[in-house]
Amino acid sequence: MDKYLYFLRHATAEVIRPNQLDIDRCLIEKGRLQARRVAAFMQRYAITPEAVFSSPYPRAVQTAAIVRKEAGLVPVQELPWLALDTGAVTSSTLLRQLLPNLPAHTLLVGHEPDLSALISRLLNSDDSAFKIKKASLTCLCYQHDSQSFQLEWSIPAKFM
């Protein structure tokens, strides 16, 4: 069975302040509006993932929570390897291990440059071949027969 993976880069977050850790950054109002726009897009095109996974960082969790609530999706589960600096080799290996247990449609919320590197690796491209903007939604289809991924589409929030 083919599976569709939707990769969502977290929406716009606050600029890092002095004495603040990057992992603690939260969404700003622009980011909350972007997340709502993503949710509206998903509803408009009947994109209803049966599983939602997020990086444990607040800006990703907040993006996932807004999209989940606004689009009426299932609860968000955190995956530590969606956090920053996991590396494309590790994250692609862990994602491939999850694939047999994933439903037909799954949403993964994470960060740059990790998501771009992961998607590039899944598409057998150079790690720098793909770049995702904030609050962009990218769809890959995992084709079971060929055990390969195909890019279906990628849309920045401003075009949703």
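Figure 1. Six strands form an open sheet, ordered β3-β2-β4-β1-β5-β6, with mixed pairing. Its edge strands are β3 (76-78) and β6 (148-155), and each of them pairs on one side only. On average, neighbouring strands of this sheet are turned by 25 degrees against each other, direction ignored. Strands (E, at least two residues) and helices (H or I, at least four) are DSSP runs numbered from the N terminus. Two strands pair if DSSP finds at least two bridges between them. The model is predicted: local features need pLDDT of at least 70, side-chain atom pairs count only at pLDDT 80 or more, and totals for chains, interfaces and linings use all residues. Residues are numbered from 1 along each chain as its sequence is written, and side-chain values use heavy atoms, leaving out hydrogens and water.

**Figure 2. Strand β4 and its two partners.** Strand β2 (residues 51-54) runs parallel to strand β4 (residues 105-110), and four bridges join them. Within this pair, F53 has L108 as its bridge partner in β4. S54 stands opposite V109 of β4. Strand β1 (residues 3-9) also runs parallel to β4, joined by six bridges. Here R9 stands opposite G110 of β4. Is β4 mostly covered or mostly exposed? Five of its six residues are buried, and the strand is mostly covered. Buried means under 20% relative accessible area, exposed means over 50%, and partly exposed lies in between (1.4 Å probe, protein chains only).

**Figure 3. The loop between β4 and α4.** H111 lies in this loop, between β4 and α4. Its relative accessibility is 1%, so H111 counts as buried. Which residues does H111 touch, not counting those up to four places away in sequence? They are H10, S55, Y57, R59, A60, L82, A83 and L84. A contact means heavy atoms within 4.5 Å. P113 also has its place in the loop between β4 and α4. The peptide bond joining E112 and P113 is cis, with omega of about 5 degrees.

**Figure 4. Helix α4 and its cover.** Helix α4 (residues 114-122) is mostly covered, with eight of its nine residues buried. The buried residues are D114, L115, S116, A117, L118, I119, S120 and L122. What covers them includes β1, α3 (88-98), β4, β5 (137-143) and β6. Just after α4, N124 takes a positive phi of about 60 degrees.

Figure 5. At 1.5 Å a residue, the 14 residues of helix α2 (residues 58-71) should span 20 Å. The C-alpha atoms at its ends are 19 Å apart, which agrees. The expected span is 1.5 Å times one less than the number of residues. Buried residues of α2 are R59, A60, T63, A64, I66, V67 and A71. They cover an arc of only 160 degrees around the axis, so they lie on the same side of α2. That arc is the one of the directions from the helix axis to the C-beta atoms. The cover of these buried residues includes β1, α1 (29-44), β2, β3 and β4. Just after α2, G72 takes a positive phi of about 70 degrees.

**Figure 6. Two loop residues with positive phi.** Most residues other than glycine have a negative phi, and most peptide bonds are trans. A46 is not a glycine, yet has a positive phi of about 55 degrees. Where is A46 found? A46 sits in the loop between α1 and β2. With a relative accessible area of 59%, A46 is exposed. Q147 is not a glycine either, and has a positive phi of about 50 degrees. Its place is in the loop between β5 and β6. Q147 is exposed, at a relative accessible area of 54%.

**Figure 7. Cysteines and disulfides.** A disulfide is a covalent bond between the sulfur atoms of two cysteines. The rule used here is a pair of cysteine sulfur atoms within 2.5 Å. By this rule, the count of disulfides is zero. For C139, which is in no disulfide, the nearest cysteine sulfur is that of C141, 7.1 Å away. C139 counts as buried because its relative accessibility is 1%. C26 counts as partly exposed, at 26% relative accessibility.

How values were computed:
Axes fitted to C-alpha atoms, helices over the stretch in contact; angles between N-to-C directions.
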